[in-house]
Amino acid sequence: MIGAWIILAAYTLDLIIGDPKWIPHPVIAMGKAITGLENIIRRKVTTDRGLRYAGFLFPILIVTGAYVLTWAFLKLLFYIHPALAIAGEILLIATTIATKGLRDAGIEVYKHLRAGKLPEARAALGMIVGRDTKQLESSEVVRGTVETVAENIVDAIISPLFFAFLGGAPLAMAYRAVNTLDSMVGYKNEKYKSLGMASARLDDIANFIPARITALLLFASAGVLGLHVKNSVRTVKRDARKHPSPNGGYPESAVAGALGIRLGGYNVYHGVRSFRAYMGEPYHEMEAGHIRTTIAMMYTSSSLFVVFLVLLLWLTSITGVGWLW
């Protein structure tokens, strides 16, 4: 039963406080460790082949380190007092989730668009995406926001909860290390295509199951919210695999189908124009309200997942099956 309440408490804590700036966030420490390791590798290794092999040091050292340090910290808290370990576990899992942060980022763009402040909306979107936003029309700002919120339902909510369910705070923190590695060195550009290959592949593997669970949850949330469930399912079947990521297409196509809009299209990265396959059909024109509906789908799908996990953990406790942690 403790596991069930820890999951519920961590999710609720993130909904309430998010990631306040006055609390040191573990991702900051991970980022510094990744940067430091990259600097060491680049001083020692210069060839593409060498960088490819050296790139395995990131998962080995950063991900393993995140797991071991979290486990050791919780053990220390337990020796002081078991209640401290429970509180620590809740807080640490909450830091791996970003429901409130994702909502706040999307709503900021939405508010600027509703107020007719397109430059401010572009700037707000630019804080959460890698594409160039300074020249985007309002419909493209909406598209970028919907795509980002949809894709991050996996990375920022469902995956951390999934790994917390499997292995508590240590495994959830290890996943956050995987995701941080992907965001820092997992690019397919000239600088990181060799060094970041192992990190990018590990992120793909880690999110494989959660991404597909997320699609199912989004179907359910579409039903709860009165959206287009059948079209969401149809769009995932047809379009999910078109996405350059083996996982990103599942939440994006599910949301596109549920809203009756078309995601994908041309994006500009550092002045270079690139095309991402279309997902969904443009039954409706892109408008600011689609951001709010996507956020509602995010809340509904993640809440359904938490309820499912809590019930499953409760059932295992009363049947005596037990669980991994």
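Reply: Two strands pair if DSSP finds at least two bridges between them. Helices (H or I, at least four residues) and strands (E, at least two) are DSSP runs, numbered from the N terminus. In this predicted model, local features need pLDDT of at least 70, side-chain atom pairs count only at pLDDT 80 or more, and totals for chains, interfaces and linings use all residues. Residues are numbered from 1 along each chain as its sequence is written, and side-chain values use heavy atoms, leaving out hydrogens and water.

Me: Which residue stands opposite Leu 263 in strand 2?

Reply: Met 279 does. Strand 1 (residues 263-269) pairs with strand 2 (residues 272-279) in the antiparallel sense, over 6 bridges. The two strands form a hairpin with 2 residues between them, and His 270 in the turn has a positive phi of about 55 degrees.

Me: Why does Met 30 count as buried?

Reply: Buried means under 20% relative accessible area, exposed over 50%, and partly exposed in between (1.4 Å probe, protein chains only). Met 30 counts as buried because its relative accessibility is 8%. Met 30 lies in helix 2 (residues 26-44).

Me: Which other residues of helix 2 are buried?

Reply: Gly 31, Ile 34, Leu 37, Glu 38 and Ile 41 are buried along with Met 30. Seen down the axis of helix 2, the directions from the axis to the C-beta atoms of the buried residues fall within an arc of 135 degrees, so these residues line one face. The face turned away from them carries the exposed residues Ile 28, Lys 32 and Arg 43.
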